[in-house]
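Q: Let us go through the terms used for this structure and check each against its definition.

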Amino acid sequence: MWSSGSATRNDVNGDGRSDMVEWYDYGDTDNYRDALHVLKGEADGSIKAPYTAWQSAGNQWDENETKKVYGDFNGDGLSDVAVMYYYDDYSHKLWTYLGQSNGTYSAPFSSWASTGNRWGAINRSTLQAGDFNGDGRDDIAAWYDYADGTDTLFTFTADVRGGFNKPFSSWTSTGTWTRNLSKITTGDFNGDGRDDVGVLYDYAAGAVKLWTFQAQPTGGFAHPIVAWTHDAWGDWNRTHVHAGDFNGDGKDDIATWFDYPDGSDKIHTYISLSTGNSTFAPPKEAWSVGAGTITYQSMQMVPGDYNGDGNDDLGAMYRYSNGTVKMFTWLAKSDGTFEPIKVSWSDFWDYARTTFVNRYTT
């Protein structure tokens, strides 16, 4: 369980530090195999070179037909991976890869299945992982975008095996929300032991609102409340949203990366207030870099406590034009700001075949 800071998120081997996990699609370079690679977090916050934690036989998976999230789905303290897969006959299955104490994954097993195109194309659902009912096992929430403009939040609660029960719906909106204007994340924003859903929503003329859907004891969600608003935020498309307990107070916060038109970049943090209603303090600048130094479009970022100090950090793989990659870590301080970038493993790597598993999908 990783709500309310009670355990380390995405800790594959149980050493108390977060790891980064990537799905690697070998394609025709190696018999169309797929693999899960783990990049371990170290005590100094650096991120080590990848090792293979699971691999498929040839031509079993099409990465383009998957949605992947991580979480501790069986409650054993080790992070797992869940995959929703869309098949050629329009059916879906949810698969679970259970984490093992040696830092690898067991062979996947399926639990829930949908046939006859009842769930629709894979791009209609956006998955978020979290312990939404507070039972110590992480669940999956699916934001489903219907063709008629209706949006619904479904919950797949996890069972003791780490599989998933039949989904149920809790919140529905007809014509009020547009999925393409929503950037979704998850975290326990009010500190009640249940993870919630947060949405940064794009409005006209550069305005944005941060909404929170508080999780209920059933694992469903209450109607959203406005946690923060800004009438002149700027370009929503330049904003990237992550969640984590960045100041170590037991409640999850929001971090936004903004990629400015002049090439400069800034991280702002929104610290969760202790009011119990999932609202946030106004954003404060937590890190910045000048133009021409770094760009968000060249990296994949995953929050986690990479040095095991109780504060969530930001980790990323960064791609360079010469084919090399580097692992970056932004270590969080107790005030919710970040240290300068720590650079660790670097090598030539096929970045285009790499997809990092996060708590939320797009």
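A: Start with R359, which lies in the segment after strand 24 (strands are DSSP runs of E of at least two residues, numbered from the N terminus). This is a predicted model, where local features need pLDDT of at least 70, side-chain atom pairs count only at pLDDT 80 or more, and totals for chains, interfaces and linings use all residues. Residues are numbered from 1 along each chain as its sequence is written, and side-chain values use heavy atoms, with hydrogens and water left out.

Q: Why is R359 said to have no salt bridge?
A: A salt bridge is a side-chain nitrogen of Lys or Arg within 4 Å of a carboxyl oxygen of Asp or Glu. For R359, the nearest side chain of opposite charge is D252, at 4.9 Å.

Q: What makes the approach of R359 to the backbone oxygen of T186 a polar contact?
A: A polar contact is a pair of N or O atoms within 3.5 Å; within protein, one must be able to donate a hydrogen and the other to accept it, and residues adjacent in sequence count only if both atoms are side-chain atoms. A polar atom of the R359 side chain lies 2.8 Å from the T186 backbone oxygen. The R359 side chain also reaches the backbone oxygen of A243, at 2.3 Å.

Q: Why does H37 count as buried?
A: Buried means under 20% relative accessible area, exposed over 50%, and partly exposed in between (1.4 Å probe, protein chains only). H37 has 3% relative accessibility, so H37 is buried. This residue, H37, is found in strand 2 (residues 34–39).

Q: Are D15 and K40 buried or partly exposed?
A: D15 has a relative accessible area of 29%, so D15 is partly exposed. K40 is at 18%, so K40 counts as buried.

Q: What makes R161 and D159 a salt bridge?
A: Their side chains meet at 3.7 Å, N to O. R161 is partly exposed at 44%, whereas D159 is buried at 16%.

Q: How close are R194 and D192?
A: Their closest N and O atoms are 3.2 Å apart, and the two form a salt bridge. D192 is at 33% relative accessibility, so D192 counts as partly exposed.

Q: What makes a space a pocket?
A: On a 1 Å grid over the protein atoms alone, a pocket is an open set of points where a 1.4 Å probe fits, with protein on both sides within 12 Å along at least five of seven lines; lining residues have an atom within 4 Å of a point. The largest pocket holds about 800 Å³, a volume being the space filled by probe spheres set on the points. Its lining has 28 residues, with F356, N358, Y360, T361 and T362 nearest the centre. Strand 16 gives the largest share, four residues.

Q: Which residues line the second largest pocket?
A: Among them are W112, A113, S114, R118 and W119. This second largest pocket has a volume of about 160 Å³. Strand 7 (residues 109–114) gives the most to the lining, three residues.

Notes:
Lys, Arg positive; Asp, Glu negative; His and termini not counted.
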